[in-house]
Amino acid sequence: MIRYRQIPVPDFRAFMYYRPPYRYHYHMCRIALCSAGLLLCGRAKGQQVFRDSSRHLQGVEVTSRLADTSLRATMPVQLLDKQQLTQLNSLSVADAAKHFSGVIVRDYGGLGGLKTVSVRSLGANHTGVIYDGMAISDIQSGQIDLGKYSADNLAQMALYNAQPTDLLSPARNYSYGAALVLTTASLAPDGRQPLQVQTRIKSGSFGYINPALTVHYKASKRYTASFNADYRSTKGNYPFITDNGIATEKQRRENAGLRSLRLEQDNRFAWSNASTLQVKVYYYDDSQQLPGADILYSPPSRDHLWNRQAFVQSTYYKPFRENWQLKLNGKFSYTHTRYLDPGLGNGAGLQDNHYNSYEGYFSAVLERSLGKHFILAYASDGLYDKLNANVKAYAFPERFTFLNAFTARYRSQALEVQGNILSNILNESVQTGSTAQHHNLLTPALSLSWKPFSGNDLRLRAFYKQIFRAPTFDELYYSTFGNPTLKPEYATQYNLGATWQRSFSQVLSLLSLSADGYYNEVKNKIITLPGKNAYAYSVLNFGQVHITGVDVNAQLSLQPWQGWVFSAAANYTYQQVLDVTQPGTPQYKDQLPYTPRNTGGLMAGVEKKGFTFNYNLLYAGYRYALGDNTPSNYMEGFAVHDLNAAYHFLEHWKVMAALDNFTNKRYAIIRNFPMPGRSYQLGIQWNY
């Protein structure tokens, strides 16, 4: 559907620690009053009516979905637009990402549980998360917790296998095995309404409450701004059932609460020569309890995690000399993490670690068009990362990274070929202990898309890419198990696929299909081995993995009767992920842990005069909890069914309702970390 993109905004503060109940209600009242004030301000302006004496022709509403141009890309690209994200009613980006083929989300349960994404089984460290053009990084662990990012304020969410296809991308965006690209919403493109406001509140099971506010403002032809705030709170105390031999026991999840606040401010300046400057200010603050594993006779977890993240990023774009384009990017980010384990038996009786990480980043990209078919681009990035901690005898590491990417593209009506080579230079230093080795590596990539028949929308595509990921600071320098001698983890990717799309008629306005087969090799895989006790581990380059898989995607849009629109999207993935590290061992050629061979999903929705009804399905086949594929490690598959509906009324209002896991399926993605059963959400939204 062609729709305006809208976002959420703030007027309140978050807290690092849980407050007594009266503080919670006090701030909920502040949110409601601020939202109401904005509503009243917007309503006064909305009363103006403009008339003229001209005669207006009856308009025609466009209800079919636009053809997906991503199917023409040389590398597999999957998209979720604003309408599809609304249809999914996802609580976070991680929940929406589960509907991409080839994606495995490790979810430790509940709204506050850790959620990481692995694409085509390369591992979460090989997946880059790019937020409004620039990567989000976690130099400490290397894994981005996607549960912290809301899908409500996104205009689009895209998954690129290998790398993004935009030649004006920073060199850093080429350094991943896959990239999850998040684009926030902005002012509607027509620009006729200078002020757009959206305020919403959702509430649901297990103490869930989620108010949000978004404001887009066009101050002049040259300056527009967006402001978004999102607050989430949940007790997370959902019921579950524990199997105790032949009996079962009903329990509730403990220590699973979460409170978080996200604030964003976007500014865009545009000049008459097509130059633009975009500046984003981001702040995130949460207080998160960490539920433990559900193990018999084990006391409940009392672990707690606090996160505070802030960054400022800016992008300047300028076209010049007819065929040249320049893009400059800069970013500074700060992250504070506090981890508390009051029950650790280490003599002191608790573990209370504080980490502060800093990153400075600058990128310059220059693109040059050579005639009608050729484009060249060069990107150069510099990064500085530093991590401090209150841990005894900590290394206090610093890392300087220099990335340079040279890219060439040839494009004609039938053929597109793109190749690039990436230079990776990493230098490190520490204040105490041994320093990790420096790295200077070149990694290539080559992709193509070919349309063999001029009268048919069939396209064939293929790509090859080599990439590596450096060990994280935890893997290198963590006080009890770090190993400064670790080598980078290398991955080689091969892909061969086909895409096809067509619009048949007004009834069947879009049908698209894509299928890709792939083979990946991971060498020098970094693994963790247990040592002499529960707190002493060894980190080694030990593993080697071969990955073979198939991704299939289908999408259609129907308008069988006037005013009715039906849309559906389905995906299926088959993955064989084998440990080929040591022939003769019990794990040799066994499927890796938590990697189902078969996964799939379905989204289906119907619309009629402001009413929408959606059904979503997620399926994961059986898998194993450990590397030994034995019956004791077997975990059965599951299917989760969700329903949601929305109704627009009185022009500006919208009510929403959702019923997740309505069959109340008992399942766990990670063994002993039960997922929620049946739950509901109710919400109301006002748009101006």
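1. The side chains of Arg338 and Asp352 are joined by a polar contact of 3.0 Å. A polar contact is a pair of N or O atoms within 3.5 Å; within protein, one must be able to donate a hydrogen and the other to accept it, and residues adjacent in sequence count only if both atoms are side-chain atoms. This is a predicted model, in which local features need pLDDT of at least 70 and side-chain atom pairs count only at pLDDT 80 or more, while totals for chains, interfaces and linings use all residues. Residues are numbered from 1 along each chain as its sequence is written, and side-chain values use heavy atoms, with hydrogens and water left out.

2. Arg338 belongs to strand 16 (residues 324–341). Helices (H or I, at least four residues) and strands (E, at least two) are DSSP runs, numbered from the N terminus. With a relative accessible area of 14%, Arg338 is buried; buried means under 20%, exposed over 50% and partly exposed in between (1.4 Å probe, protein chains only).

3. Arg338 also lies over the face of Trp306, at 4.4 Å from the ring centre. Such a placement requires NZ of Lys or CZ of Arg within 6 Å of the ring centre and within 35 degrees of the ring normal. Arg172 is placed over the face of Tyr361, at 5.3 Å from the ring centre.

4. Phe504 is partly exposed, at 41% relative accessible area.

5. The largest nonpolar core has 29 residues, and Leu80, Val93 and Phe100 are among those with the most contacts inside it. Helix 3 gives the largest share of this core, four residues. Such a core is a set of buried Ala, Val, Leu, Ile, Met, Phe, Trp, Tyr and Cys residues joined through side-chain atoms within 4.5 Å.

6. Overall, the protein has four helices and 35 strands. Of its 688 residues, 52% are buried.
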